[in-house]
Amino acid sequence: MMRHDIGQARIRVPDRITKGDVIIVNAIVSHPMDTGFFRTKDGDPIPAYFINEVHVEYGGEEIAHFEWTSGISRDPLVSFTVKADREAPLAMTWKDNKGGVFKQSVNIAFTSA
């Protein structure tokens with residue numbers, strides 16, 4: 001069965017951020033992350049289909065790059081910390097082994113006192 005939510009992504013950052021805070025970023029993307037080691041109920045092999053690259057940019061500057069394998073679980077979640085030193089977009093790009101590219105971004109904005 002084909003999933004229709006592949007590539008839907010969410011990024012969460014704290015609601016209240018002040019300049020200089022080290023914040024936790026949680027991001028999740030919907031993806032089957034098929035390993036290529038399983039078969040359908042009819043015995044047909046399920047080809048490998050997984051995200052193999054994740055890029056993170058903050059204010060247009062790359063701050064992280066992850067290389068994943070088929071060993072990552074379905075609908076993978078990634079968490080990392082960022083020092084919020086400027087108000088700017090935080091953008092993530094996920095690429096899979098079939099050429100799919102999925103993007104999502106969130107604005108890092110400071111709360112006023």
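Me: Which residues of β1 lie on the covered face, and which on the uncovered one?

Reply: This is a predicted model: local features need pLDDT of at least 70, side-chain atom pairs count only at pLDDT 80 or more, and totals for chains, interfaces and linings use all residues. Residues are numbered from 1 along each chain as its sequence is written, and side-chain values use heavy atoms, with hydrogens and water left out. Strands are DSSP runs (E, at least two residues), numbered from the N terminus. In β1 the uncovered face has R10 and R12, and the covered face has A9 and I11.

Me: What is the bridge partner of I11 in β2?

Reply: Strands β1 and β2 run antiparallel, joined by four bridges. Strands pair if DSSP finds at least two bridges between them. R12 has N26 as its partner in β2. For I11, the partner is A27.

Me: In what order do the three strands form the open sheet?

Reply: The pairing is antiparallel. Strands β1 and β5 are the edges, each pairing on one side only. The order is β1-β2-β5.

Me: How many residues has the largest nonpolar core?

Reply: A nonpolar core is a set of buried (under 20% relative accessible area, 1.4 Å probe, protein chains only) Ala, Val, Leu, Ile, Met, Phe, Trp, Tyr and Cys residues joined through side-chain atoms within 4.5 Å. I11 and I108 are among those with the most contacts inside the largest one. Elements giving two or more residues to this core include β1 and β2. The core has 27 residues.

Note on methods
Buried means under 20% relative accessible area, exposed over 50%, partly exposed in between (1.4 Å probe, protein chains only).
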